[in-house]
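These are my notebook entries on a single protein chain. I record below what I looked up, entry by entry.

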Amino acid sequence: MPMQAQEIEDLLRESFPDAEIQVGGHDGVHMSAMVIDESFRGKNRVQQQRAVYAALKGKMDGANGELHALALTTKAPE
């Protein structure tokens, strides 16, 4: 079953409670997310994105994942 933007934001908010989070997309399968969080400071893009994928708790895993594609932007606050 496709995921709604609010579900994605709720999962991300559990791991990044103080982050600026924006989730977009309407089909529930191809979505976008921007996560700006202090915990990303000093981490490279791969490390930041791995942290976000971990926060999604397997929702993108394999062919049977609920979320097929997530265009992801991550960074530390300026």
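I began with Val35 and listed its contacts, contact meaning heavy atoms within 4.5 Å. Leaving out residues up to four places away in sequence, I found that Val35 touches Leu12, Phe16, Ala19, Glu20, Ile21, Phe40, Val52, Thr73, Thr74 and Lys75.

I note the basis of these entries. The model is predicted, so local features need pLDDT of at least 70 and side-chain atom pairs count only at pLDDT 80 or more, while totals for chains, interfaces and linings use all residues. Residues are numbered from 1 along each chain as its sequence is written, and side-chain values use heavy atoms, with hydrogens and water left out.

In soluble globular proteins, nonpolar side chains tend to be buried together.

I then read the secondary structure, taken as DSSP runs numbered from the N terminus (helices H or I, at least four residues; strands E, at least two). The chain has 2 helices and 3 strands, in the order α-β-β-α-β along the sequence. Its radius of gyration is 12 Å, close to the 12 Å that the globule rule gives for 78 residues, so the chain is as compact as a globular protein of that length. The radius is taken over C-alpha atoms, and the rule is 2.2 Å times the number of residues to the power 0.38. The C-alpha trace spans about 35 × 20 × 20 Å along its principal axes.

For contacts with a separation of 6 or more, I noted that residues 24 or more positions apart account for 55%. Of the 78 residues, 32% are buried; buried means under 20% relative accessible area, exposed over 50%, and partly exposed in between (1.4 Å probe, protein chains only).

Is Gln49 buried or exposed? I found Gln49 in helix α2; at 19% relative accessibility, this residue counts as buried. Not counting residues up to four places away in sequence, Gln49 touches Leu72 and Thr74.

Lastly, I checked Lys57, in the loop between α2 and β3. The phi of Lys57 is near 50°, a positive value in a residue other than glycine.
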